[in-house]
Protein chains: 2
Amino acid sequence: MNSNLMQNLIVSAQTKIVMLIMDGLGGLPLEPGGKTELETALTLNLNALAERSSLGLTIPIAPGITPGSGPGHLAIFGYDPLQYQIGRGAMEALGVDFELGPDDLAARGNFCSVDTDGRITDRRAGRIGTDVNQVLARLLETIRIEGAQIFIEPVKEHRFAFIIRSPGLNDALSESDPQRTGVAPLPVIALNPDSEKSARYVNQFIISAQKLLVDKHPANMILLRGFAKCPILPSYQEKYGLKAAAIALNGMYRGVARLVGMQVLNVGGNTLNDQFVTLEENWRDFDFFYLHVKKTDTFGELGDFDGKVRAIEEVDALIPRLLALKPDVVIVGGDHSSPSVLKSHSWHPVPVLLFSQYVRADRLAEFGEHACTHGSLGTIPATHIMPMALANALRITKYGA
Amino acid sequence: MNSNLMQNLIVSAQTKIVMLIMDGLGGLPLEPGGKTELETALTLNLNALAERSSLGLTIPIAPGITPGSGPGHLAIFGYDPLQYQIGRGAMEALGVDFELGPDDLAARGNFCSVDTDGRITDRRAGRIGTDVNQVLARLLETIRIEGAQIFIEPVKEHRFAFIIRSPGLNDALSESDPQRTGVAPLPVIALNPDSEKSARYVNQFIISAQKLLVDKHPANMILLRGFAKCPILPSYQEKYGLKAAAIALNGMYRGVARLVGMQVLNVGGNTLNDQFVTLEENWRDFDFFYLHVKKTDTFGELGDFDGKVRAIEEVDALIPRLLALKPDVVIVGGDHSSPSVLKSHSWHPVPVLLFSQYVRADRLAEFGEHACTHGSLGTIPATHIMPMALANALRITKYGA
């Protein structure tokens, strides 16, 4: 849909929308013809909600395409994931909860090992401990580049996020990581004239890093790849007129929510229950809540069918608390599928449920892949969900006279 | 979908895909509310396969649009049939198994009858025998055009394919066939400056043909129409990373398969059984097999409901041999519908079945138009089938981080 069309039709209302995303929700049966994780889970509350809802399946990107978490979320948030691309460096920075701004250029960083001739002997520096990483990251942050600011955010083992902040940076840069051992790291090259300053700054940083790390073997050098600035997206306020809040525990999801202008709420713990407490405590202050559940994807990627089933049941148990808040619209869905038999994200359409007092309820008292196949929403692009949620929240006025 | 998107995500795998196309598969019941040809056919093997598959219906071109065989096939092969158009002349040449190259300009030719004043008296030359056509075609091939090569490929009765080969030819040409009698054939006119050389060559050929045929009444003149060069399509190898083979008996389908870079296999006979033998013999050497069944369409176009039912049953009987090869992905579908009550191609969506170990099986133990209406694939553009087949063959990697 033309996104300006909807933006022009947005009206204000007192209604509240909750989008509950179970990461990697869609699944597959263990045996052909069997039940998926969602169908196996005992979900009395979701089933009861499904009976009063419209059901369907969402396609995050395109038929057959397996989404990463970034594009999967952008799609369910209503942004065309092919128009707005979040590069790998930006995802890495978002993943450690770094607040990427418009002047920031990010990259994925590795500590690596080099020999006395500067040739790479181990691209992952023997997977140094995260504690060592943290110390070395603080060391790298002492590097000064005239006209720019440097941030090094440790991730895990040998990995870190590299961010350089300066006006006018550009991400059309080659990578320093040659992706093999036995050769020296590559100089970073500007891939167009607009990125020459960026290349100069980054190369200055790399040379300084090499000097600083010279006696830190196995972590005596760095590699940078996936240079990316963050796309600038219209915010939920601009696009939908929504004051939106995100309740997510993991950096990447908090980051993507921040990108679309959601206020990322502090959660006083790391359980699903803590997330629901945060929802309840902030209920009066926002129009829209994005609540992200990570465990469903984690177990899917681990290939743990039963774990994913339990993670879904844990969510189901909290549905009454959500409904007790009397939301006007509830979306329950996912950013992509992560079937445990595949141990990875997958291309399969994702079950979705849309509840409001104005939906034509499908009378299918089950929330599962097969029930959703027969739902009235059909199998639709994920980007269609937000317009329908807004309509059900009486937040879109008539088009034309 | 953006086709570059998918091309960039293609990864290699050892998996094999079989696309079994029953030409004109979709049908209609003889009486309202009755069963279609496919639903009438006793298809125990296809029904058993359907139970383990995702079902749906494909729209080859657009809602309400009846496809020709060329665009119908391009769509199911995954090429936008509105972007890539195969003109009538090119289809005629492909139909007689002529290997059209980038320097070839093709047209549909007719022998016709003219009176002593050169006015057309019969546009089909009294439908001369194909044997006479063959003799006259050899005669026309003796015509020499400086800088070009001429090929005349007899079709049936009065029809032939005309091909002229020379660098820089262009198909923006008017037709010589006035589509009525009592007037002389028209000179071929260049419709833009780029086609002036082509017009000159073709007119030279027509004048020479008229002289050669002067005493060959009723076939004493020719008419040319539908001038077309072949579109240049990205090959299956480039687009999908697939080493693809075509097993088709009829020239047109062999030709379209060749256009998309499939290797057209020799079949040692003209039965469906011979085609399956070819599939078995070549199983190790390709990643993708397109197997084309013509009879379903032939009977549909003849208005022979029972004949089409039998043709489908004949295919069903061979399904166990296909499955014995243990393909990773099987598509069973059609290029368009040819309901016998219409005695022609039609606009109706075409039943399709997608089998792999990773589909969410619809548990619909029937392969037919109504069952497919309830399938999880939905009613979708035919071009979506290949991305889903590739995904199920684990040949598409993740989009974005």
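How many salt bridges does the rule find across the interface of chain B and chain A? The rule finds one, and the first two legends below show where the chains meet in this predicted model.

**Figure 1. The interface of chain B and chain A.** The contact involves 36 residues of chain A and 25 residues of chain B. Together the two chains bury about 2300 Å², and 64% of this area lies on carbon and sulfur atoms. Arg360(B), Tyr399(B) and Ala401(B) provide 37% of the area that chain B buries against chain A, more than any other three residues. The size of an interface is often given as the accessible area lost when the parts come together.

**Figure 2. The salt bridge and the chain B side of the contact.** The salt bridge joins the side chains of Glu39(A) and Arg363(B), with a distance of 3.6 Å from N to O. Between chain B and chain A, 13 residue pairs are in polar contact, counting pairs with both residues at pLDDT 80 or more. On the side of chain B that touches chain A, the elements giving two or more residues are α1 (3-9) and α14 (385-392) of chain B. Helix α14(B) gives the largest share, four residues. By type, the residues on this side of chain B are 14 nonpolar, seven polar and four charged.

**Figure 3. Helix α5 (residues 88-95) of chain A.** Six of the eight residues of this helix are buried, so the rest of the structure largely encloses α5(A). The buried residues are Gly89(A), Ala90(A), Met91(A), Glu92(A), Ala93(A) and Leu94(A). Among the elements that cover them are α4 (69-76), β3 (104-114) and α9 (251-259) of chain A. After the helix comes Asp97(A), with a positive phi near 65 degrees.

**Figure 4. Helix α9 (residues 251-259) of chain B.** Seven of the nine residues in this helix are buried, and the helix is mostly covered. The buried residues include Tyr253(B), Arg254(B) and Leu259(B). The buried residues of α9(B) pack against α4 (69-76), α5 (88-95), β8 (244-247), β9 (263-264) and β10 (288-293) of chain B. Gly261(B), just after the helix, has a positive phi of about 85 degrees.

Figure 5. Is Asp297(A) buried or exposed? Asp297(A) counts as buried because its relative accessible area is 1%, and the cut-off for buried is under 20%. Apart from neighbours within four places in sequence, Asp297(A) is in contact with Asp23(A), Gly24(A), His336(A), Ser338(A) and His345(A).

Figure 6. Most residues other than glycine have a negative phi, and most peptide bonds are trans. In chain A, a cis peptide bond links His217(A) to Pro218(A), with omega about 10 degrees. Pro218(A) sits in the loop between α7 (196-212) and β7 of chain A. In chain B, His217(B) and Pro218(B) are joined by a cis peptide bond, with omega about 10 degrees. Pro218(B) sits in the loop between α7 (196-212) and β7 (221-229) of chain B. Leu394(A) is not a glycine, yet has a positive phi of about 55 degrees. Leu394(A) is in the segment after α14 (385-392) of chain A and is partly exposed, at 48% relative accessible area. Gln179(B), also not a glycine, has a positive phi of about 65 degrees. Gln179(B) lies in the loop between β6 (159-165) and α7 of chain B and is partly exposed, at 45% relative accessibility.

Definitions and conventions:
Residues numbered from 1 in each chain as written. Chains lettered and ligands numbered in written order. Predicted model: local features only at pLDDT ≥ 70, side-chain atom pairs only at ≥ 80, totals over all residues. Heavy atoms only, no water. Contact = heavy atoms within 4.5 Å. Buried area = accessible area lost by both parts, 1.4 Å probe. Salt bridge = Lys/Arg side-chain N within 4 Å of Asp/Glu carboxyl O. Polar contact = N/O pair within 3.5 Å; in protein donor to acceptor, adjacent residues only side chain to side chain. Nonpolar A, V, L, I, M, F, W, Y, C, P; charged D, E, K, R; others polar. Buried < 20%, exposed > 50% of the residue type's maximum accessible area, 1.4 Å probe, protein only.
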